[in-house]
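Hi everyone, thanks for coming. I'd like to walk you through one structure today, and I'll keep it short.

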Amino acid sequence: MATRDEVIAHLVSQLRPAGAVRSRKMFGEYALYLDDKVVALVCDDQLFLKPTEAGRAFLGEIEEEPPYPGAKPYFWIDEGKWDDEVWLCDLVRIT
């Protein structure tokens, strides 16, 4: 299942306060960029954050999942947290 356009539009909108945010479609899925650096992947309508030590410290306990078969694990961000704009922007900035 490919990621829906409205999911990307919502995430990009939520992340605008973090800085220069854009998305790029790749193979039916998306990469999210902050200031021209990949910070996350969106696959099957799910948000996967690039794993970093700073992100791990911010998140504390986190689920790690591969965004697609054969990929290394990323931090899986529950959809229920997407609407907390301040939290999400802080997380992406430190990543």
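Before anything else, one cut-off: a residue is called exposed when its relative accessible area is over 50%, and buried when that area is under 20%. Asp36 has 60% relative accessibility, so Asp36 counts as exposed. Please keep in mind that this is a predicted model.

Who is Asp36 paired with? Its side chain meets that of Arg22 in a salt bridge, at 3.3 Å from N to O. The two come from distant parts of the chain, with Arg22 in strand β1 and Asp36 in the loop between β2 and β3. Arg22 itself is partly exposed, at 37%.

Tyr33 sits in strand β2, and its relative accessibility is 10%, so Tyr33 counts as buried.

Back to the salt bridges: the count comes to 5. One of them joins Arg4 and Asp45, with the closest N and O atoms 2.7 Å apart. Those partners are 41 residues apart, Arg4 lying before α1 and Asp45 in the loop between β3 and β4. Here Asp45 is buried at 12%, while Arg4 is partly exposed at 41%.

Last stop, Thr52, in the loop between β4 and α2. Is Thr52 buried or exposed? At 18% relative accessibility, Thr52 counts as buried. A polar atom of its side chain lies 2.9 Å from the backbone nitrogen of Gly55, and Thr52 also touches Phe75, Ile94 and Thr95.

Notes
Residues are numbered from 1 along each chain as its sequence is written. This is a predicted model: local features need pLDDT of at least 70, side-chain atom pairs count only at pLDDT 80 or more; totals for chains, interfaces and linings use all residues. Side-chain values use heavy atoms; hydrogens and water are left out. Helices (H or I, at least four residues) and strands (E, at least two) are DSSP runs, numbered from the N terminus. Buried means under 20% relative accessible area, exposed over 50%, partly exposed in between (1.4 Å probe, protein chains only). A polar contact is a pair of N or O atoms within 3.5 Å; within protein, one must be able to donate a hydrogen and the other to accept it, and residues adjacent in sequence count only if both atoms are side-chain atoms. Contact means heavy atoms within 4.5 Å. A salt bridge is a side-chain nitrogen of Lys or Arg within 4 Å of a carboxyl oxygen of Asp or Glu. Lists of a residue's contacts leave out its neighbours within four places in sequence.
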